[in-house]
Structure formats: C-alpha cells, structure tokens
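The sequence and the model come first, and the description follows.

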Amino acid sequence: MEATRIRYRKLPGRRRGFVVGSSVWLAEDHLLLVKSYRFREEYRRFYFADIQAIVSAAAPRFHISTRSAAIGAVWSFACLLAFVNARFTAFETVVSVVGVLLVVAWIGVSLFRSCRCRIYTAVSSEELPSLYRVWTLRKFRDQVEPLITQAQGALEADYAQVLEDLDVGPLPEGRVGLAMPSPLAPPVAGPPPLAARTPISILFIASLLLGGLADFAALGARPALARWVLVGFLVLQVATAVAVMVQNYTGKLRASLRNLAIVTAVAIGGWYYAVQMGAGMAIAYRNARERPARPQFAVAQPMAFLEYPMARGIAGGIGLLGGLAGLLLLSRGDRPPEEKVSLNV
Amino acid sequence: MPLSKWELLRGHDASCPSCGAENDVRLFPAALARAAAPQAETALEGEAACFDHPAKRAVAVCRHCGRFVCGLCAIELGDGVSCPTCLVKPRSKQPQANSAEARMLYDTWTLTIPFALLIFWPLTVLSAPAALALTVMKWKQPLSLVRRNRWRFVAGLGLSLAQGGLWLWLGWYLVAKARAGA
C-alpha cells in the first residue's frame, strides 16, 4: 500500500494529444507537472519555495487536441450525411459554413491567442506544455501566484539592483556552481537565424494558395479537367509539405512552417478519408435507391469523390486557409533558432 | 539557460532588444536568493565526523542508513535528511508514494488492449486472456499519482471477460454443432 498519498488538485490547462499529453496539478507545497505518454506518466515537482519565475510569451501553437479532433470527426460525419442525401442543400450549406468557421477560428486562436510558458527554478527551466492558450495561462497564474507569494513573501521594490550581479534559472549545461561569463565579455556569436523563406517553403505556400484558387475556379469546369487540377495540386502540396518537414528536421527551416505542413498534411489526409467514405456511401445509397441493372461498386471508383463539387470546394478551402496562414508566417521573417529553448518566439 | 537580464529588469512586460519578442515575466523572491554553497565545517578532535568526509563535522544523521553526514552530504527531503548514497539507492521494493518520477499506467493497458483489438476482432482470442492476466497481476500496482480510482482496471476486466465469454460460447457452439452433425 502507498503511504500518505498526496492529494492533487488539477490546475487550469491540459494538453490532450493523441499520444502525448500534459497537465499541471497542485499540492499543498508544490506543483506537479505530469507528462503523459498514453501508457506512461512522467512527473516533475516544483516547490513553491523554489520557483524563481514564470515566463510566458505569445507564440503560434497549432495543436490538434483529441477534443478538436472529435469535433472534426462530428463535422466529417455531418458532411457524409450531406453527401448521402444531396437534397438537404440547406443542411449541406450550414455544415460547410460551420466547418470553415471552425477552421478559421482554430487558425486564429492558434496564431494570435496562444503562448508558451516556462517555469524557472535554480536548477531547472521547464516548459509547461499544458499552458498553450492565453486565457488558460491567465487562470493558471491567478491560482498559482498567490501561493508562491505566500511561500516566499513579496518581491522587494528595489529588486532590479540586486539582480544586476545575479543569474536566475539554471546555469548553462546544467552545471551548478560554475561562474557565469562576465557581462563585459564579448558576446558569443549565436547560431544563424532559422529561415522562413526557402525555395521549398515558398513553393509549399504557393502550391496551397494556387491549388485552393484553382480548385474553386474549376468548380464549374468539366470533371476531367477539375480532376487533374485537384490531383495535381494535391500531389504537389503533399510533396512540398514533406520537404518542409525534412528541411525543418535538418535545421534549415523554422518550426512554425513545419507545424503548418503537418496541419495541412493531416487536413488533406482527413479530407481524403472522409470524402472517400462519403463517396462510397453515396454510391451504395444510389444503388439501393435506384436498383440499376449493373450497380456501381465503390471500390471500383477510386476517383469517384472528384465528382462532388463540395469535396473539391473543401479541398480548395483547406488550400486557401493554409496558404493564408503560410503567408502570415512568411511575413514574420527569419528568427533565431533559440526559440526552441527560450521563449523568444 | 538562465533568464536574460532584459527579461528580469523590466518588470512583467519585457521586450527582447534583439528580436522584439514580448515576454511576460513573473519574478519571485527565490530569484533574488543567492545560491548558497553548502558549507561543511572542519571537525575538531572528539567531534562526530561525516562518514564520507572524515575531516568534516557531522551535522545530521541519514534517516535511512543512520550514517553521520556533513553539511555537504546532508540532503533535505520532505521526510527528513538523506545521504547521497541512500538518495540514489532504492531502500525497498515498496514504491515511494510521493517521490515517483515516472509510472507505467497498467490500468490504461488493460483497458486499451481489449478495446483496441476489437478492430481486428479475431485477435481478441489472445488479447482477452492477456488483458485478464495483466489485470490480475498488476491490480495492486500504484496508479497514476493524480488518479484516484481503478475504473480502467474494472472496465478492462469487464471487456476482457465479455470477450473471453463470447469465445467460450463460440467454441462450445461449434463443438456442439460438430457433434450434432456427426
């Protein structure tokens, strides 16, 4: 039996990933950071008396939580219903508009209302992954700051003078007790800034934008032409998304563009899956209703989904939204690579 | 990495002078406390000395092994003083309630195995007994530090029992049918 088990209370914020999750819990005298890897949990404790600082910075966070994935699944199911019975045009329109609005809201929140948060003690600086939205961070600080202040007392008014010859947080490379380099020493040249505009990233954004526009433009065109426009741009988008991920892995490209590539690839994959399912169900429904002499088989129609303008429209919407987000990221310019370890995002 | 001066000296809203990024810094008095290096005083003749540093004066006793420790070796934990040796060496096989750094979530395993394998349902003939055995073997293992009940164990147990029961029924049915045919 476990002796004297500590009772924890959950603090605001929870990162619910498909594999990795995170949350912060409150005990009497410390915070417990729980990193969950589905079948395993790792814990870090931060005692109130040891916490030196809580630092946060605005940063884009394109996190797809299991909750938002569930909303996406419900939306996809509604789309399937719309496919199966094309008579419900009003329902179809509402579903499409709601879906687009949700995606726009998610991109807006991810870009403009998201943050990173890091907690500092004398020997560690740990990111709190569960705090990635601004409003959650605010609630978290409202609950935690009074407890830390209660344990440590209030900060002195003239703390700036004390800080002149003091370092906060762990020393470089975790070596406790080593002297920091003198502030008068020449600054060490940092690594070169990570690029946002590489030929691959520009091609990726261009393929999203042009693909989105071409899909919309081809809505009224002949199915044969629209099919090749859609498939051609899809192949280009997926290929350049993979290239963007590779460039980020090799340290040549910023993480935000990699995140956009991941989101786009997942969105295209989800769209393809949902539309294939919808097309299959529509064919089965048509066969059942019309009872033709030679029924169609969904498996024999791998490109059947391209017959549906709504499918092509959603693909165009994904491309356009991703392209616009990419333009925003490109306009932010190059950033130093220290964004991975610091909060200067 | 330590916090940079520009973050520390400008109050809550600190703008990076090089990239212009806005950071919100909440500083606490612990940041101002100088890291006091642990002191170990030299032991005088006749005074108790540290087990690992015979020349240093003992200031505490390790609660686990009872050895004397100096100021350098005394490590204060929530439940008393430990020496460095006892800190890294597990004292017993009994899991420590409050110092775990990681835990395997066996209750999640026992729920996920029978549930996930429903997709490839023929495999449940193997997964059901496996999940049952895991539940029985790991029932007493500590759960997550922040979970308080064993509903996953119970749900996994129920699901595996149901799957096992269905397989038994299927086996019995097939045998009975074969006998009837013969």
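In strand E6 (residues 115-120) of chain A, A:Tyr120 is the bridge partner of A:Ala53. The model is a predicted one, in which local features need pLDDT of at least 70 and side-chain atom pairs count only at pLDDT 80 or more, while totals for chains, interfaces and linings use all residues. Residues are numbered from 1 along each chain as its sequence is written, and chains are lettered from A and ligands numbered from 1 in the order in which they are written.

Strands (E, at least two residues) and helices (H or I, at least four) are DSSP runs numbered from the N terminus. Two strands count as paired if DSSP finds at least two bridges between them.

| Strand | Partner | Bridges |
|---|---|---|
| E5(A), residues 53-58 | E2(B) | 5 bridges |
| E5(A) | E6(A), residues 115-120 | 6 bridges |
| E1(B), residues 13-15 | E2(B) | 3 bridges |
| E2(A), residues 21-26 | E3(A), residues 30-36 | 6 bridges |

E5(A) pairs with E6(A) in its own chain and with E2(B) in the other chain. Along the pairing with E2(B), A:Ile54 has B:Arg26 as its bridge partner, and A:Ala57 stands opposite B:Asn23. B:Asn23 also has B:Ala14 opposite it, and E1(B) pairs with E2(B) in the antiparallel sense.

A residue is buried if 20 or more other C-beta atoms, placed from the backbone, lie within 10 Å of its own, exposed if 12 or fewer do, and partly exposed in between. Of the 6 residues of E5(A), 5 are buried, so the strand is largely enclosed by the rest of the structure. In E2(B) (residues 22-27), 5 of the 6 residues are buried, so E2(B) too is largely enclosed by the rest of the structure.

An open antiparallel sheet of 5 strands runs in the order E1(A)-E2(A)-E3(A)-E4(A)-E7(B). Its edge strands, E1(A) (9-16) and E7(B) (102-104), each pair on one side only. From one strand to the next the twist averages 20°, with axes fitted to C-alpha atoms (for helices over the stretch in contact) and angles from 0 to 180 degrees between N-to-C directions. Within this sheet, A:Ser23 stands opposite A:Val34 in E3(A).

Helix H3 (residues 134-152) of chain A lies across E1 and E3 of chain A and runs at about 155° to E1(A); contact requires C-beta atoms, placed from the backbone, within 7 Å.

Conventions. Contact = placed C-beta atoms within 7 Å.
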